[in-house]
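Me: I would like to go through some of the labels attached to this structure and ask, for each, what value stands behind it.

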Amino acid sequence: MRISIIGSGSWGTTLAILLYDNRHSVKLWFRRKEHLEEVKTTGENHIYLPGVKIPSEIFLTSDLEEALDDVEIIVLAVPTQHLRAIISRDEFKSVKDKIFVNVAKGIENKTLMRVSEILKDLLGVYENYCVLSGPSHAEEVSRKMPTAVVVSSFNKSVASLTQNVFMNNYFRVYTSDDVVGVELGGALKNIIAIATGIADGIGFGDNTRAAIMTRGIAEIVRLGVAMGARIETFAGLSGIGDLIVTCTSKYSRNRFVGEQIGKGKKLEEILKNMVMVAEGIWTTISAVELAKKFEVEMPITNAVYDVLFNGKNPIQATSELMGRTPKPEVWGLNFTIR
């Protein structure tokens with residue numbers, strides 16, 4: 001198939017290579033022309049994916065009209081907070097009937113929209129939308145390490161088609177029809193990864209990390225169910241699967257941010273020295289607002305927000321979490337888990 005990847009970061013570049021491996025015709029769009037020229041010259045994306053060769057047959061361009069011309073599938077690989085500005089451009093008006101595959105993991109600030117809602121709002125995209133998510137660091141997929149993910153769409157045929165397009169002997173793809181759950185799982189786990197990073201940076205141990213991850217998925221489930229997601233989705237690849245890898249991996253940008261904060265650095269200082277985007281920082285803002293809107297308790301998310309944006313001491317935040325009113329392990333859901 002003819003596919004365009006919008007976004008030349010580590011994940012966009014990795015998926016371009018994967019889709020080329022799957023014998024598709026692939027274009028890769030660069031936001032900055034100087035970045036494009038560097039990759040053309042070196043044959044590698046040194047900034048975002050060093051050490052991985054990009055096949056010369058992949059068409060590289062910084063011209064959006066050229067990138068979208070005569071394609072069947074459009075893969076959106078740009079950070080959520082920048083997505084609206086890109087797809088608002090006139091070039092997208094003529095391709096709104098194509099299949100859109102979102103691979104970003106965030107929730108838009110202010111509007112509190114998930115990516116599916118942004119596309120519906122701007123382009124009227126609905127049944128031709130799907131989201132690809134799961135535990136899938138670019139650094140490993142690009143080196144063909146076995147990986148499993150999930151693709152979710154409102155339209156089962158779109159999910160199945162996308163599954164077949166992406167799947168190969170090192171990249172296994174499952175399907176789902178719970179778009180809300182898959183989008184929320186991918187976005188909200190980044191907040192919990194920041195929390196585990198903070199704990200690691202402070203010097204806490206494995207018990208603490210396990211507690212944050214377990215109670216983190218509990219509050220993700222509470223918000224997800226309140227927003228219409230299915231509880232079982234969070235037990236899958238886009239939920240607990242992605243949570244595990246993001247909270248423990250050396251490649252996790254969100255965990256890195258948390259770890260640096262736990263060691264005493266300020267957010268502004270960390271961001272100044274980061275090349276890639278940690279979506280969880282900005283998702284934290286949206287998640288706090290969504291929790292208020294849906295009247296859901298998210299204590300870890302609130303604590304991360306206070307540490308990131310209100311300057312709260314991480315040890316004090318931890319002490320407050322540990323000293324909360326005693327509760328049953330399962331609470332805040334309007335049905336019983338059996």
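Me: Why is R2 called partly exposed?

Reply: This is a predicted model, and in it R2 has a relative accessibility of 35%; because buried means under 20% and exposed means over 50%, R2 falls in between and is called partly exposed.

Me: What makes the pair of E72 and R2 a salt bridge?

Reply: The side chains of E72 and R2 come to 3.6 Å, N to O, and since the cut-off is 4 Å between a side-chain nitrogen of Lys or Arg and a carboxyl oxygen of Asp or Glu, the pair qualifies. E72 lies in the loop between α3 (64–68) and β6 (73–76), whereas R2 belongs to strand β1 (residues 2–6), so that the bridge links parts of the chain 70 residues apart. E72, at 28% relative accessibility, also counts as partly exposed.

Me: How do you know whether E44 and K53, the partners in another salt bridge, are buried or exposed?

Reply: E44 has a relative accessibility of 12%, and because this is under 20%, E44 counts as buried. K53 has a relative accessible area of 55%, and because this is over 50%, K53 is exposed. The salt bridge between their side chains has an N to O distance of 3.5 Å, which is within the 4 Å limit.

Me: Why are K93 and D90 given the labels they have, and what distance joins them?

Reply: K93 has a relative accessible area of 54% and D90 has 55% relative accessibility, and because the threshold for exposed is over 50%, each is called exposed. Their side chains meet in a salt bridge at 3.2 Å, N to O.

Me: Which two domains are assigned, and what is known of the interface they form?

Reply: The domain assignment of the protein chain gives domain 1 (2–177) and domain 2 (180–323), with their C-alpha centres 25 Å apart. In contact across the interface are 31 residues of domain 1 and 30 residues of domain 2, and the area buried between the domains is about 2,500 Å², of which carbon and sulfur atoms give 64%.

Me: Which residues of helix α14 are buried, and what covers them?

Reply: In helix α14 (residues 299–309) the buried residues are P299, I300, T301, A303, V304, V307 and L308; they are called buried because the label requires under 20% relative accessible area. Their cover includes α8 (179–202), α9 (206–226), α11 (253–262), α12 (267–272), α13 (279–293) and α15 (314–322). Just after α14, G311 takes a positive phi of about 70°.

Note on methods
Residues numbered from 1 in each chain as written. Predicted model: local features only at pLDDT ≥ 70, side-chain atom pairs only at ≥ 80, totals over all residues. Heavy atoms only, no water. Buried < 20%, exposed > 50% of the residue type's maximum accessible area, 1.4 Å probe, protein only. Helix = DSSP H or I, 4+ residues; strand = E, 2+ residues; numbered from the N terminus. Contact = heavy atoms within 4.5 Å. Domains from an automatic or database assignment. Buried area = accessible area lost by both parts, 1.4 Å probe.
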